[in-house]
Amino acid sequence: MGKRTPLYDTHLAAGAKLVDFGGWDMPLHYGSQIEEHHQVRRDAGMFDVSHMTIVDLRGERVQDFLRHLVANNIDKLKLPGGALYTCMLNAQGGVIDDLIVYFVEPRWYRLVVNAATRDKDLAWITQQAKAFAVEVRERAELAMIAIQGPQARDKTQRALGDIVRAATALQKPFTFVVVGDLFIARTGYTGEDGYEIMLPATQAATVWQKLAAVGVAPAGLGARDTLRLEAGMNLYGSDMDEITSPLESGLAWTVAFEPATRDFIGRAALEAQRQRGAVAEFVGLVLLDKGVLRNHQIVLQNGEKIGEITSGGFSPSLGRAIALARVNGAVSGDCQVEIRGKLLDVQVVKPPFVRNGKICVTLPA
Amino acid sequence: MSNIPADLSYTKSHEWVRREADGTVTVGITDHAQDLLGDMVFVELPEPGRALKAGQECAVVESVKAASDVYSPLAGEVVAINEVLSDSPELVNKAPYGEGWMMRIKPADAAEIDDLLDAAAYQAQIENEAE
């Protein structure tokens, strides 16, 4: 038996199909993964993401610590209430995890890291924190619900009324407010607008039911994966890991080399990689034939292997298979993917495939 | 609970077989199989005329989750395929024993059908798998 979130019984009652995910029993879908996907793109859906690991960091030198720990620069967050997506690297420039940093107070930051990497992340963070005398505290008593879709913010405000009124002040993505017990962030993993709300586990089922009552439909990890893939968002463990750097994973935009004096873990390795040149490119693929792109399928050009799919699947919004792939250098022209011994044509595109309900790639009719 | 019609025959690998009046059999995958696989997004069927051995891979169903082989329940020749599935793979989810059928096979030896599982035996097998 896996670990259970505070919403486990709620999922069972809703008829969810449960699967193991990083040691947790999580809903894969509640009937149809594709319908849940469309529900998020067209209206509003909610995901139980309580399996994700919430870590609070406190201390006089917490900012210095984060300037060292992560590859993006937390000084981009000028004021409390800002959030930042970043990778946490090892000394070789490999990605230990990707995470979001929340600036709560000058001496208090919050991290949300992946569930499957919890143990190694906590060990690494705790080890690195010692030199900065920063307290590392996991907040396992908190649940987390993501409400996503064009109607997500309106419906959340309707469902929760006064307690989220302050969230209406969130003018931009990647901002958050703390209202009593609720930590409400305008973030997500779907390419749609919405909130991610961290709250005491004891309140999770009540909030979930209130959201359901205004028509926010539950969606499972299956839809979460196709939504993030369409949005061109990386999945840790598939698109990047400890032996790939952010520079070869489509995440160069998250690495802050400036100021040059900031000595973050992995910096020297990334600089060396840049100097050597010939860093692998990270691209999007759309299958032009019928079929489904899957992780680890080989990408070819002129009969030669040029790369591999890191995340593939069927895009409900495009009605075609799409993928993220790591290829050797810049690619243009026709490419193929090998599926069960056959070479099928793919078009190389720049992710995202879909954002805010709109298809962002141009395809042949 | 999955639907297991009493008048069909079954394989351990979750195909169903229906005898037709003209001596051919219709083949598809069971309700249990489609439920395990999830939403179908692509079905690859054999060319009509292809000769199949019993237990041979004869089609591929791809769901949002994974690609899975479909195995021929018996030896014979593919005489027809359900071409509608090319554009509407979701019929395999909606009507696995009806509009979601996959192919019609002319058996080399009709007696092979008697070796397949009946509904009760198939039911027992999926209960075993669940344990």
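I looked up helix H6 (residues 201-213) of chain A, and it lies across E3, E9 and E12 of chain A. I read its direction at about 20° to E9(A), with axes as lines fitted to C-alpha atoms, for helices over the stretch in contact, and angles from 0 to 180 degrees between N-to-C directions. Helices (H or I, at least four residues) and strands (E, at least two) are DSSP runs, numbered from the N terminus.

The model is predicted: local features need pLDDT of at least 70, side-chain atom pairs count only at pLDDT 80 or more, and totals for chains, interfaces and linings use all residues. Residues are numbered from 1 along each chain as its sequence is written, while chains are lettered from A and ligands numbered from 1 in the order in which they are written.

Next I traced the open sheet of six strands in chain A, E10-E11-E12-E9-E3-E13, with mixed pairing; strands pair if DSSP finds at least two bridges between them. Strand E10 (176-179) and strand E13 (217-218) of chain A stand at the edges with a single partner strand each, so one side of each has no neighbour in the sheet. I then noted helix H5 (residues 152-160) of chain A, which packs on the sheet and touches E9 (142-148) and E12 (194-200) of chain A. Contact means C-beta atoms, placed from the backbone, within 7 Å.

I turned to the interface: 13 residues of chain A are in contact with nine residues of chain B. Helix H2 (33-42), helix H7 (221-230) and strand E16 (304-315) of chain A each give two or more residues to that side of chain A.

Last, I checked chain B and found three helices and nine strands.

Technical notes. Two residues are in contact if their C-beta atoms, placed from the backbone, lie within 7 Å.
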